[in-house]
Amino acid sequence: MKTLAIALAQLSLSAAAASADTCVANADAKKLAGAARTSFLGKCQKDAAAACDAQATEKKLRGAAQTSFTTKCVKDAVGQ
């Protein structure tokens, strides 16, 4: 029972840390606005898409599974 509680606590902490590293959070932290924000978010989304595609390839996903994984991965990385 203690192991389960510890695992859940670690999972919630890692989820909170992951949400802080989103593109939107980084843009907010840098206080970007206007064209600079748009440019930053565009580049960040492209970088996230490339990283997510690489992860999907590592997991040997194809077709709909790859598309679904990549879409969710990019949304999580961007913070939408």
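Reply: Start with a pair in a helix. Asp47 and Lys43 sit four residues apart in helix α3 (residues 34-58), so about one helical turn separates them. Helices here are DSSP runs of H or I with at least four residues, numbered from the N terminus. This is a predicted model: local features need pLDDT of at least 70, side-chain atom pairs count only at pLDDT 80 or more, and totals for chains, interfaces and linings use all residues. Residues are numbered from 1 along each chain as its sequence is written, and side-chain values use heavy atoms, with hydrogens and water left out.

Me: How many salt bridges are there by this rule?

Reply: A salt bridge needs a side-chain nitrogen of Lys or Arg within 4 Å of a carboxyl oxygen of Asp or Glu. The count is three. Asp47 and Lys43 form one, at 2.8 Å, N to O. Asp76 pairs with Lys72, with the closest N and O atoms 2.6 Å apart. Both lie in helix α4, four residues apart, about one turn. Arg37 and Asp28 also pair, at 2.8 Å, N to O.

Me: Is Lys72 buried or exposed?

Reply: Buried means under 20% relative accessible area, exposed over 50%, partly exposed in between (1.4 Å probe, protein chains only). Lys72 has 53%, so it is exposed. Asp76 is partly exposed at 45%. Arg37 is partly exposed at 23%, and Asp28 at 44%.

Me: What does Thr70 touch?

Reply: Contact means heavy atoms within 4.5 Å. Leaving out residues up to four places away in sequence, Thr70 touches Cys52, Asp53 and Ala56. Thr70 lies in helix α4 (residues 63-78). Its relative accessible area is 13%, so Thr70 is buried.

Notes:
Helices (H or I, at least four residues) and strands (E, at least two) are DSSP runs, numbered from the N terminus.
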